[in-house]
Amino acid sequence: MKLRKQVTVCGGAIFCVAVFSLYLMLDRVQHDPARRQNGGNFPRSQISVLQNRIEQLEQLLEENHQIISHIKDSVMELTDTGAVSPRGHLPFRSANGSWVLPFDGRPTFLAVKPQDCQLASGSHSQADVQMLDVHSILKFDNPDGGVWKQGFDITYEPDEWDSEPLQVFVVPHSHNDPGWIKTFDKYFTDQTQHILNNMVVKLAEDPRRKFIWCEISFFSKWWETADVRKQEAVRKLVLGGQLEIVTGGWVMTDEANAHYFAMIDQLIEGHQWLERNLGVTPRSGWAVDPFGHSATMSYLLKRANVTSMLIQRFMWRQSWDAGSNTDIFCHMMPFYSYDVPHTCGPDPKICCQFDFKRLPGGRINCPWKVPPKAVVDANLAERANLLLDQYRKKSKLYRSKVLLVPLGDDFRYDKALEWDQQYTNYQKLFDYMNSHPEMHVQAQFGTLSEYFDAVYKAYDVAQGARPPDYPVFSGDFFSYADREDHYWTGYFTSRPFYKSLDRVIESNLRGAEILYSLAVANARHVGMEGRYPVSDYALLVDARQSVGLFQHHDAITGTGKENVATDYGNSRPFNSVKVIINAAHFLVMKNKEFYRFYQTEPFLETDDRRATQDSLPQSTLIELDPSGPRYLVLFNPVEQERLSVVTVLVNTVRVRVLTEDGQTLPVQLSAQWSSASQMSAEAAFMVRLPPLGLAVFHLYDSPDSPMTLRSDTLLRLSGRSVTARAADPTYGMSRCCSNNLSSLFFNAVLFILHFYLQSIRRKDDPQEVKVQMQFVVYGTRPSKDKSGAYLFLPDGKAKPYNQKEPPVVRVVEGPLFSEVVAFYQHFQQTIRIHNVPGVDGLSIEITTLVDIRDQTNKELAMRLVTDIQNGDVFHTDLNGFQMQPRRHHLKLPLQANVYPMSSQAYIQDSHHRLTLHTAQSLGVASLETGQLEVIMDRRLMQDDNRGLGQGLKDNKKTANRFRLLLERRSTGNKMMDRETTSFPSILSHMTNSFLNHKVLALPVLAKRRGIPPLQTFAPLKSILPCDFHLLNLRSIQSQDPQSPSPHAALILHRLAMDCGLDAPNLGINCTTTQGQLSVSELFKDLDLQLLQPMSLTLMHSSTPLANDSTISLDPMEISAFKLKLR
């Protein structure tokens, strides 16, 4: 009752203030002398102002009403379930048998302004070409001699170029994979260093020669070994326009599995290296080898001030963009591959004759049995006309008379002979063409940007502007097939262990960047620059480059050789954890004068450790001692306050957990299961953590632990039950797994024999939604073409997973969480729900530990079968950045309907949305209405003939982690589902963030000299709007690559959200501000001395803003700012 009175008083006070403000405003208007002189008549402009103010006031009253409603709901929800514990602060069971936690006395509110939801309901991209429509229109009939065989029948009239000659830009290039058949270092030693050494010499021999380079990971390694003479020669080639750096990322990133954080970070790493060493600013993007293309990449390049990119010649626009702010000019190579036979024109038999590395006597030849001929005077006219015919035919596929012809392939130009063969023969052909006006052609070597400049000049438009009549495209290019029904959808899941590891080290890198920047700034603030180990910056750079390297399109994809995959795992991926430990040590010290850093004696350790890079993490045992406490530091990498359950492994059941101010927390003591029947002690407790902060907790070995409650556990072993410390020996399934917000129901028969989820019902929703969880298995075709690392070629529909013996099933119930675990031969399935208010308690946690190492040509999938009527439409994310609608097409084979899922996928109807959030990239499909299916792992014994030369036989035991979120769509929302755009709810955004950025537990190591006083570190002075994601706070390089400058890059992403789903209590305060943010009011105890807008990769700067300026971001916008914090 006391809480209800407080809410009522608070609401009444807000209402009174609002009404009083309105009274004062009206009173001021009434007594304004200027108005009295006008005889009391209001000018129209002033009436309009008054009306606007009244409308604003009404809006504020409505928002205050929403806040009060949410506070009231949170209180009523707890009081209705008896949340005021009859025994004080102890958790207790309510009348319905479920656990209830004591209320922590902090009502929360959700205040989302209606304007912040307009992107989901407003107008969107008006594209000329929408990829969803293209899929619907195309027949995909694959006639013999069609596009797969490059059988284009292209004709032209000889006089078409009489008035405007054809401009041909032949662009020599060498595609260097930073790991594939060989490791990164082996490729560099064997080939890449020779390519770059030859480049310096051979380009200097003739100023007409041009070359482009993409992968900065290789270029930087070569630069470190090059002498000053070579470095100066490279700078001269760049300045003279003979050498162009294209894209300039650390790698040519994969675009299906990579997360947008890592895509941005590898781009920044490459661009920052270029700025420091070459002073180069990339203008054009080059992506010839990724296996499909994402709209996310075009957006990131646009934000990096790249004006053009190569995959398709049109304006690529983001689906949410109602204007043209995200447009970038794109070119697509129209044929099968980027090698020479498939780039000069539509006939590879002819084009291969102009790949002069294949001259007779060399190591490679033309498969079409017609070899190249060296160009001599006797055949010069015939050769030039034959090549020009291909150029003309290719140009007919484009709108302008400017033609791009790439000249290269994988690791080309590693021998000086090839430079001479290609450049000398082509120059003869160019000289002949250009000296014969009747041929109406101007041919030359060129760079990528020279080609784009010529296109812009032909239409008299500025760089990056849309030429007249060029179409606007929206959508993406998944899923990709190179011939027949050979769809490259297997790599969406291949080697899921490393896909999962990638996401862990990305989160660690982001956390390290943020804590390091804050630690360095705080050290400067208190005058301790010399005491904090800024040398950790070298570890940070190593971690950046390790993460960047793994975004390569043969790394995160799982499509490299087995030894190459191992090499990636060994490339210092965990250096970021050392940075986190050292920064956290400094930041939690109450008195910084006591801070001491010892390289060989860390202050903190991590809660989980990996014995090797290819093993799963094991929890660190925290040994408690009756003589005193052990300290635990918890890091929340999320920019919002967080209410979560944290679990640690301890050596005693007599555990007591206290907050920094001495408050005892409820603890759920459970078994930590090393096998189906072997256990040790595990302590779970609920914590509220500050955003981006570090909180300190005390753990005691205490015989007096009334707040420590043991879980009830039931084991079912082959039909018989074994109760381990069960409060109720007859504990059964009907009461299993209930929290205060959602309930799971299990079919009792299937529960015993086959553990499958059956349905879900939210407590506030009377409607139960059928959600059956099934496991199915795909085989591969019996024919010659089989599934491999790249391809998914199933032998038909999936078959149910079966095993002879029934699984061992374990049920655990307690006040903080309840879970059901089923042990199968090839996987261990855990479903857990958290009995905590807010985000963690509103979704179901699913962990599937997969081990298919004894299987042959099998792929294991988890399928959700629901009664949601989504028809043939479902949604998958692109790189964790945006949602892309998909449509299941019956005219396409099964494998063509599989898409990449980096972070989430959902199905929905007019009543509900069911979202599967994932902590690793996997392939996903919706093959029937109401279904969502994710492929968990694949073990394949053969190569799929795409160059790898291996199957997938190095499977690891892999933990795939998910969150399953059921949301009710608002009955008041009558907006029809849009074809091209869709957005997650604010709850869904937070659920995904919590899943992908786990709370890091950092136990303080026991010290013989004792532990100095510690305190919570809460870096934010004000609440960040909950539609803002702090993507990174990245220390910026100085000229010394081993130390940082005094600046940091603040990279923000404003999330777009669908407000047409019911908004439950998030457990935290959530407000939006129409994209407004005061950076000077963001960080506590730090002075903001510089606020400068930058391009995404920090290479282009705008005029610095006043330090107290408010910045503004549109929904979906990613923006970067250079800060100086002290």
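In this predicted model, nine bridges join strand E5 to strand E12 (residues 402–410), and the two run parallel. Within that pairing, Val-171 sits across from Pro-406 of E12. E5 has another partner too: strand E13 (residues 441–445) also runs parallel to E5, with five bridges between them. Here Phe-169 is the residue that faces Gln-444 of E13. E5 itself covers residues 166–175 and is mostly tucked away, with nine of its 10 residues buried.

Aromatic rings come next. Searching the whole structure turns up 49 aromatic pairs. Tyr-299 and Trp-320 are both buried. Phe-473 and Phe-477 make a stacked pair, because their planes are at 15 degrees and their ring centres 5.0 Å apart; planes under 30 degrees apart count as stacked. Phe-473 and Phe-477 are buried as well. Elsewhere, ring pairs build up a cluster, whose members are Phe-211, Phe-354, Phe-356, Tyr-413, Trp-419, Tyr-423, Tyr-426, Phe-430 and Phe-445.

Lys-221 is placed over the face of Phe-188, 5.4 Å from the ring centre. Likewise, Arg-913 puts its charged end over the ring of Tyr-906, at 4.1 Å from the centre of that ring.

Across the whole structure, a search finds 14 cavities of 30 Å³ or more, and the largest cavity holds about 460 Å³. The lining of this largest cavity is made up of 33 residues, and those nearest its centre are Tyr-260, Gly-880, His-989, Asn-992 and His-1029. Several elements each give at least two residues to the lining of the largest cavity: helix H9 (260–277), helix H15 (496–525), strand E38 (882–887), helix H20 (986–996) and strand E46 (1028–1037). H20 gives the most, with five residues. Sorted by class, the lining of the largest cavity comes out as 14 nonpolar, 14 polar and five charged residues.

Key:
Residues numbered from 1 in each chain as written. Predicted model: local features only at pLDDT ≥ 70, side-chain atom pairs only at ≥ 80, totals over all residues. Heavy atoms only, no water. Buried < 20%, exposed > 50% of the residue type's maximum accessible area, 1.4 Å probe, protein only. Helix = DSSP H or I, 4+ residues; strand = E, 2+ residues; numbered from the N terminus. Pairing = 2+ DSSP bridges. Phe/Tyr/Trp six-rings, centres within 6.5 Å; stacked < 30°, edge-to-face > 60°. Lys NZ or Arg CZ within 6 Å of the ring centre and 35° of its normal. 1 Å grid on protein atoms, 1.4 Å probe; cavity = no way out; pocket = protein on both sides within 12 Å on 5 of 7 lines; lining within 4 Å. Points joined across faces, edges and corners; volume = space filled by probe spheres on them. Nonpolar A, V, L, I, M, F, W, Y, C, P; charged D, E, K, R; others polar.
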